[in-house]
Amino acid sequence: MPVSANILRTSTFRLAALYLLLFALSTAAILSYVYYSTVGLLERQTQETIHAEVEGLADQYRIRGMPGILDIVVRRSRETDGGLYALNGPDGARIAGNIANLPKEFDKDGGWVDFPIRVNGQDRTVRAYHVELTGEYELVVGRDVQSLRLFGIVIRNTLYWALGLSLILGLGGGFLLSRNFLRRIDAITNTSHTIMAGDLSQRMPISGSSDELDRLSVSLNDMLSQIERLMTGMTEVTSNVAHDLKTPLTRMRARVESALRSNHKIELRGALNQTLEECDSLLRTFNALLSIAQAEAGQARQNMESLDMRDVLNDVVELYQPIAEDAGGTVTFNSPHELYIRGNRQLLAQAVSNLLDNALKYGGAHIEVTSLREGPHVVISVADQGKGIPLADRTRVLDRFVRLDESRTKPGNGLGLSLVSSVMTLHGGKLILEDNQPGLKAVLYLPAIAG
């Protein structure tokens, strides 16, 4: 389809055409009002002037008779103010005045009439009023209205030109706007086709004008960035899962083969116990991945409720206090106020449990859990006194299957902090890792609600 046809079908061109139509109608109405008001006012003023002059001359005729009106008509006919006069006798012959010949359209009963005359070699138009005086005398008083008619023609032509130029400029402007709009839409369409072909690095073009198309492009680019992160994460998860499952499965297979070859009851039982432990570890890994996937997909939003985060923290701390005491340490909990949020109790408890579990494994036995209200957020912190995490690694450890060198000798799958981060994102919050001097402080920010 030709480009011009596409432009005519755009919503921008249709809106511009509609606005042009409304603008043309309003302009025509305003100019028409100006035309009829101006020309009509001038014509009424002319007629009122003529009519007043006729009445004045008629009064002079009644008072002074023929000599009085004759003197006035002769005197005024010599003036150059545009006044035209004729005083005819009963036989129709002209007695005085500056109108040579009266038109045949004159009605003996009197009235208004427009007729052409020739003055100084030029054709002019006269508007006149004639009245029959006593004695069958006829009086005609008129004004040259040629300038008034020319003024009316100028106003009328201005109206036509204004409407014509408005239509031309409006259609041209609508065409240019639509072409620019269509060019930007085509750029977005071409980019989307490139992205659909598999190049997720492409982004929608932004002109920098901050208009609605730019805002749409920014939103689409944010969405594409999120999709790219998810796709990259999925690829990394697939690779990491395959790598992390290959080693335990290989060990399990070798252990089972060795036990079967020995055919010794004790060795068989030991192989089964170790295989069961490996299976539990794999199940924990899959459960963690499933929880992360559900949190990132937002499936847990349907189970969100209003809850007091202090109760959730108290339950988790009570669960871990005996474990810490067995290790010779403590878990303290401080929450001065009720802290209401809207969330999924199970996922939030699992996130806090992961932080406590990491603190017990890597941060020593003395752990402090605190919660408080800071502005619009409920702030929860889990602080330990271990070695902590280097500043350069605090963002990287939030990814899946990331384990620092110090933690590789201890059990785990590198999904704990990743799950906590996903749960925070689901709840509109965030996880920040800080230096506890010494140790690590994991801080959770959650949106607070009224209790």
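Modeller: What follows starts with the chain as a whole and then turns to the core. The model is a predicted one. Its protein chain has 8 helices and 12 strands, and 37% of its 451 residues count as buried. Among contacts with a separation of 6 or more, 60% are made by residues 24 or more positions apart.

The largest nonpolar core has 41 residues. Those with the most contacts inside it are Met309, Leu348, Leu356, Leu431, Leu433 and Leu444. At least two residues of this core come from each of the helices H6 (309–326), H7 (345–362) and H8 (416–426), and likewise from each of the strands E9 (366–374), E10 (377–383), E11 (430–435) and E12 (440–447). H7 gives the largest share, 8 residues. In soluble globular proteins, nonpolar side chains tend to be buried together.

Setting aside neighbours within four places in sequence, leucine 444 is in contact with Val352, Leu355, Val378, Val379, Ile380, Val420, Met424, Lys430 and Leu431. Another core, of 15 residues, lies apart from the largest one; Val54, Leu57, Tyr61 and Leu87 are among its members.

One more element can be checked by its length. Helix H3 covers residues 146–196, and at 1.5 Å a residue its 51 residues should span 75 Å; the end C-alpha atoms are 74 Å apart, so the two values agree. Just after H3, glycine 198 takes a positive phi of about 120°.

Technical notes: Residues are numbered from 1 along each chain as its sequence is written. This is a predicted model: local features need pLDDT of at least 70, side-chain atom pairs count only at pLDDT 80 or more; totals for chains, interfaces and linings use all residues. Side-chain values use heavy atoms; hydrogens and water are left out. Helices (H or I, at least four residues) and strands (E, at least two) are DSSP runs, numbered from the N terminus. Buried means under 20% relative accessible area, exposed over 50%, partly exposed in between (1.4 Å probe, protein chains only). Contact means heavy atoms within 4.5 Å. A nonpolar core is a set of buried Ala, Val, Leu, Ile, Met, Phe, Trp, Tyr and Cys residues joined through side-chain atoms within 4.5 Å. The expected span of a helix is 1.5 Å times one less than its number of residues.
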